[in-house]
Amino acid sequence: MFVSRFGIRTLIAIVHDFVAVAVAWWLAYLFRFNFDIPAPTLSFLPTILPWAVLTQTSFFFGLGLYRGLWRYASFPDLKRIFVAVVAGTATVLLMFLILDVLDDIPGSVILLAPLLLLLIMGSSRLAYRAWKEHRLYSLESYEAKLVLVIGAGNTAVNLVKDLARSRDWHVVGMLDDDRRKLGSRLLGVRVLGKINELPHWVQQLNVGHVIIAIPSVAHRIHRHTLEMCAEIGVKVMTVPSYADLISGKATVSTIREIELDDLLGREPVVLDTDGLHSLLTGKVILVTGAGGSIGSELCRQLIAYDPERIVFLEQNEFALYCIQEELAPRFPKIKMSFVIGDIKDYARMTQIFTQFRPSVVFHAAAYKHVPLMEQENACQALLNNVLGTYVLAQIAISYGVRKFVLVSTDKAVNPVSVMGASKRLAEMVCQALQQSISKHASQNQDVQMPSTCFVMVRFGNVLGSTGSVIPKFREQIAKGGPITITHPDMTRYFMSIPEAAQLVLQAGWMGGTRGGGEIFVLDMGNPVKIIDLANDLIHLSGLGEDDIRIIYSGLRPGEKLHEELLATDENSLPTPHEKLRIAQAREVDERWLSDLILWLERVSVLSDKEVREQLTKWVPEYTNKESVHQGSAD
């Protein structure tokens with residue numbers, strides 16, 4: 001009965017403290033008499049010990065010493081032990097005074113007994129906690145990483161609390177620019193100074209790691225901290241963003257390395273969630289290129305809107321397998337279909353639309369590697385990116401798809417590559433189909449037919465996407481360099497994969513307000529110099545410019561020095577969303593489209609050179625650099 005009430009661990013703790021009181025008094029007498037207690041005193045001990053044990057332990061119960069677990073013993077527990085010992089000892093002495101035996105107890109024993117009791121009770125609890133955390137018996141092999149924490153707010157305090165339970169980290173101090181916090185102690189960790197003093201404290205405390213514990217920190221602090229740490233050879237990490245902490249995607253202790261996203265300084269995207277719910281919730285959604293960087297991220301974000309089903313369409317078997325393994329087990333309540341198919345295959349696409357009847361299509365499938373598509377694969381770029389879009393779009397119209405969202409690129413603006421020209425042609429195909437729908441609707445006003453709204457979304461490079469420069473740079477750094485850059489002045493627009501996907505969704509909802517066929521241009525911020533990007537990656541790897549050499553290889557076929565978001569003959573119009581504008585692009589008609597399709601059907605017999613030469617007819621703003629170079633040579 002007694003065991004079931006308290007539990008075996010609590011019972012052991014109670015017995016331990018009973019014995020601890022008796023041992024403390026016994027040791028106090030031993031120390032007082034140099035381990036040779038006189039016989040009269042020895043016979044006197046059994047008279048007083050029961051009173052001391054019972055009285056003292058009653059305070060242990062009253063002050064809640066047995067509500068916690070020893071494995072989590074901490075400073076508040078030691079405080080409770082101290083109060084209980086002091087209060088219990090005072091009561092014991094009062095009782096001995098009432099019993100008229102206080103004069104028989106030496107003063108040194110009265111002083112030593114509570115001190116010894118504090119030592120026994122406190123050290124046993126801390127020793128047990130150390131043992132449970134594998135510290136006591138692994139001190140020789142265990143080397144905690146010394147770390148400084150940037151920030152002294154609630155997030156930093158929670159991080160310090162979490163890291164205190166870890167075998168891998170030992171927080172030696174905190175840095176914060178709030179003068180009111182300087183010199184204070186939070187959970188036993190002192191706020192040493194301001195953030196700019198980081199190099200001084202790293203050197204003085206021999207720190208090897210720095211963690212930024214301010215979820216809402218501006219990118220300039222990330223960059224400044226990274227630069228300071230790179231100069232002194234210290235690795236810098238950060239905690240998840242507020243969005244991830246609030247949503248439950250991560251906890252404070254889920255520290256991670258600083259990524260390029262943290263250094264871009266882009267503000268988070270604010271979505272029209274009500275509008276997106278009306279577009280996506282309860283609907284069947286088809287995503288092409290679902291195993292790619294943008295396609296897979298679109299699928300991850302679509303899940304939050306509780307669609308009836310997501311159809312993952314992908315040509316690459318392994319990419320489709322990877323996204324299935326990632327999402328299907330995590331979201332068993334969301335219906336998912338993983339289908340393999342080529343968007344140029346009319347029969348297969350018809351079969352998929354017949355089976356699933358999607359109401360929204362996000363078309364992210366494309367060949368996008370510029371140099372690879374420029375040589376040996378020019379006609380394949382056109383067939384996949386243009387003819388594939390046409391096949392998919394025609395079927396979408398015939399099956400009454402509500403929204404068809406084409407993921408385009410800034411390389412479609414004044415293109416100098418076959419890939420860029422193919423994406424501009426894909427935009428023009430959708431524009432022509434939208435114009436055809438609008439024309440037929442105006443001619444048949446009495447017949448209410450479901451019509452498809454086409455939306456195109458242009459944006460620049462996304463950080464870390466498949467085949468992009470970031471994975472290539474990381475691989476080169478891992479090999480010890482050198483990093484190859486085409487030109488020291490080359491710039492590109494960059495955004496994170498999640499941000500790009502969010503804005504594609506937002507544009508998908510907003511498309512159709514002007515009759516459909518809009519080309520949305522994403523706010524890409526300021527262009528980033530590739531050389532700066534390379535240096536940032538070197539610093540993020542804990543290295544300096546002296547460790548990794550940078551060499552310049554020259555512009556490759558189809559590459560621009562600077563990308564553009566609008567063509568020279570294009571203007572843009574604002575939208576209700578601050579990060580989206582509408583490009584007023586040159587339009588085409590049905591006749592142009594039918595001629596283009598006839599050309600595409602025989603393009604496979606052309607050489608790459610002929611493809612590039614004939615592209616200027618279909619995309620007047622396209623510049624065939626090869627012919628330009630040849631002309632200048634002549």
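Let me start with pairing: two strands pair if DSSP finds at least two bridges between them. Helices (H or I, at least four residues) and strands (E, at least two) are DSSP runs here, numbered from the N terminus.

Quick housekeeping. What you see is a predicted model, with local features needing pLDDT of at least 70 and side-chain atom pairs counting only at pLDDT 80 or more, while totals for chains, interfaces and linings use all residues. Residues are numbered from 1 along each chain as its sequence is written, and side-chain values use heavy atoms, leaving out hydrogens and water.

Okay, strand β11, residues 360-363. On one side it has strand β8 (residues 284-288), a parallel pairing over four bridges, where V360 of β11 sits opposite I285. β11 also pairs in the parallel sense with strand β12 (residues 403-407), again over four bridges, and there F362 has V405 as its bridge partner.

And the side chains? V360 and F362 point one way from β11, V361 and H363 the other, and all are buried, meaning under 20% relative accessible area, with exposed over 50% and partly exposed in between (1.4 Å probe, protein chains only).

Now over to helix α2, where we find V23. V23 counts as partly exposed because its relative accessibility is 31%.

Last, cysteines. C379 is at 10% relative accessibility, so it counts as buried, whereas C322, at 34%, counts as partly exposed. Taking a disulfide as a pair of cysteine sulfur atoms within 2.5 Å, the count is zero.
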